[in-house]
Amino acid sequence: MTITPALGLARPVKGVKVHSRQMLGACAPTYGRFELDFEPLPAGAVSSIEFAYTASPEPAPEFEDSLAQGVLRELAARDTEDPDARRGAPVSARVIVRAMSWHLVDTCETVFLRIGALAVREALNCATEERKPQLIETRVRLFL
């Protein structure tokens, strides 16, 4: 297997916001919200994620880990679990979590894994299209 060296992110992208809404009347835990900044790294550098934020209701390591995994997999373009994952060249970036919100009952790790990937796609599109990020509102579908 050949690993393609990561390209550097073309420019900084600040304020990528993703919100997965809770499905009313459903039992599936689909709520999650965060804001990320993406900063360029030199080509070939290793991507990283930093948690420099306030959390609501409080920090949650299990959701932080899932968010980091979703973001880093998508940057590496190597997510084998998600058929909709980006399949382009790997991109290196420093990712900073500015805000994160979760709910004790209505959130699960899979939500942050999936919306982390959506944030990367939005940041890469913004860098390519020379535009500011747009709020991504979705409902993560869970197959329980």
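The expected span of a helix is taken as 1.5 Å times one less than its number of residues, where helices (H or I, at least four residues) and strands (E, at least two) are DSSP runs numbered from the N terminus. The structure is a predicted model, in which local features require pLDDT of at least 70 and side-chain atom pairs count only at pLDDT 80 or more, whereas totals for chains, interfaces and linings use all residues. Residues are numbered from 1 along each chain as its sequence is written, and side-chain values use heavy atoms, with hydrogens and water left out.

For helix α2 (residues 109-129), the 21 residues should span 30 Å at 1.5 Å a residue, and the end C-alpha atoms lie 31 Å apart, which agrees. The mean pLDDT of the protein (the predictor's confidence in each residue, from 0 to 100) is 86, with 90% of residues reaching 70 or more. Among the elements, the lowest mean pLDDT, 85, belongs to strand β4 (residues 48-56), and the highest, 96, to strand β2 (residues 13-20).

The protein comprises 2 helices and 6 strands, arranged along the sequence in the pattern β-β-β-β-α-β-α-β. Its radius of gyration, 15 Å, is close to the 15 Å that the globule rule gives for 144 residues, so the protein is as compact as a globular protein of that length; the radius is taken over C-alpha atoms, and the rule is 2.2 Å times the number of residues to the power 0.38. Of the 144 residues, 47% count as buried, a class defined by under 20% relative accessible area, with exposed meaning over 50% and partly exposed in between (1.4 Å probe, protein chains only). Of the contacts (heavy atoms within 4.5 Å) with a separation of 6 or more, 75% are accounted for by residues 24 or more positions apart.

Within strand β5 (residues 91-101) lies S92, which counts as buried because its relative accessibility is 0%. The side chain of S92 reaches the backbone oxygen of P42 at 3.3 Å; beyond residues up to four places away in sequence, S92 touches several others, including A6, L9, P42, G44 and S47.

Positive phi values in residues other than glycine occur at A77, near 55 degrees, and at E130, about 55 degrees. A77 is found in the loop between α1 (61-76) and β5 and counts as buried at 15% relative accessibility.

Terms used
A polar contact is a pair of N or O atoms within 3.5 Å; within protein, one must be able to donate a hydrogen and the other to accept it, and residues adjacent in sequence count only if both atoms are side-chain atoms.
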